[in-house]
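Please prepare a short briefing on a pocket of this protein and on the contact between its domains.

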Amino acid sequence: MFKKERPIPPELVKLRILNYRAKLTKKEKLQLSNKEKGYAGELEFDCLIRDLDTLVINELLLEFGETLFQIDTLIIFYGRIYLIDIKYYEGEYCYEDGLFKTIAGSEKKDPMLQLNRCHSELRQLLQKYRYNYPIDAFLVFNNPQFTLFQPSPNPQIILPTQVNSFIKKLYKMPSKLSDVHHKLADLLISLHKTENPYVRLPKYDYDTVEKGITCGSCHSFDVSVSRTKIACKDCGCEELVEVAVLRNVEELRILFPDIRITTNLIFEWCKVIDSTKMIRRILKKNFKAIGNTKNSYYE
Ligand SMILES: [Zn+2]
């Protein structure tokens, strides 16, 4: 049972929007594509364990002392906890003299080091709350296009050809759970932090991001507006004006969480709708208006 579903990472949501509303550099585009792949790999793994009869918590950001650590998947079994880090790396890599490298020799961040750090932080955090479950940590490489050369097999590393047997093993683990296990899961979820201050995003501001309603399907700005519908000139996709406006208001709020939503702002943001009346009607219907008519804003 998924006690906590995996959200689309907030960083990925922003990068996806910025990809068509801002000019991303090559490096930023690579960041987006790596994030997309990583997220796809996590979802793929989720599918395999969805029917486990135990508690699964996806995507946790926890803090111990001053350190934040992130957990892709945490599974609570009867007598142990599994901490799983999913890596959707592609290509040939090797562990050589304790270094993690591509086959061409360029050194990469060591995922094992990261996993062990996370393992230790989690153990200390649980001890603080007087839970003494043994924790096993695994690094799962689930991209079939991945190979790792290492001097000897490491039981903590699950390679693409080992994923199936690893999953089978998970389904055979003792999963009879009691209240204590549920309380532990609730505790971890309550400690989850939603904002990661260390995430680096491309710099952007309101003046420079591209304004206009985009097509919900292909994100083109080339749309035409009729009385009730927005139609994309590129892919032909149609959407009700209200739905399109709300979707674009949501994008604005994701990029600028503190911005004050007013009729004029949304009029400017949507660009192609030539009636402030229509904007006001949509905002009134879907948000709570605050303040008097002239200076009102919406929440
Ligand atoms: Zn389109």
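The second largest pocket has a volume of about 160 Å³, where a pocket is an open set of points on a 1 Å grid that fit a 1.4 Å probe, with protein on both sides within 12 Å along at least five of seven lines, and the volume is the space filled by probe spheres set on the points. This is a predicted model, in which local features need pLDDT of at least 70, side-chain atom pairs count only at pLDDT 80 or more, and totals for chains, interfaces and linings use all residues. Residues are numbered from 1 along each chain as its sequence is written, and side-chain values use heavy atoms, without hydrogens and water.

**Pocket lining**
- Residues with an atom within 4 Å of a point count as lining, and among them are Ile-8, Arg-16, Tyr-20, His-219 and Arg-247.
- α1 (10–21) gives the largest share of this lining, four residues, and α6 (241–255) supplies at least two.
- Because domain 1 (2–191) and domain 2 (223–298) both give residues to the lining, the second largest pocket lies between them.

**Domain interface**
- The centres of domain 1 and domain 2, taken over C-alpha atoms, are separated by 38 Å.
- Six residues of domain 1 are in contact with five of domain 2, contact meaning heavy atoms within 4.5 Å.
- The side chains of Arg-21 and Glu-251 meet in a salt bridge at 2.9 Å, N to O, the criterion being a side-chain nitrogen of Lys or Arg within 4 Å of a carboxyl oxygen of Asp or Glu.

Definitions and conventions. Domains from an automatic or database assignment.
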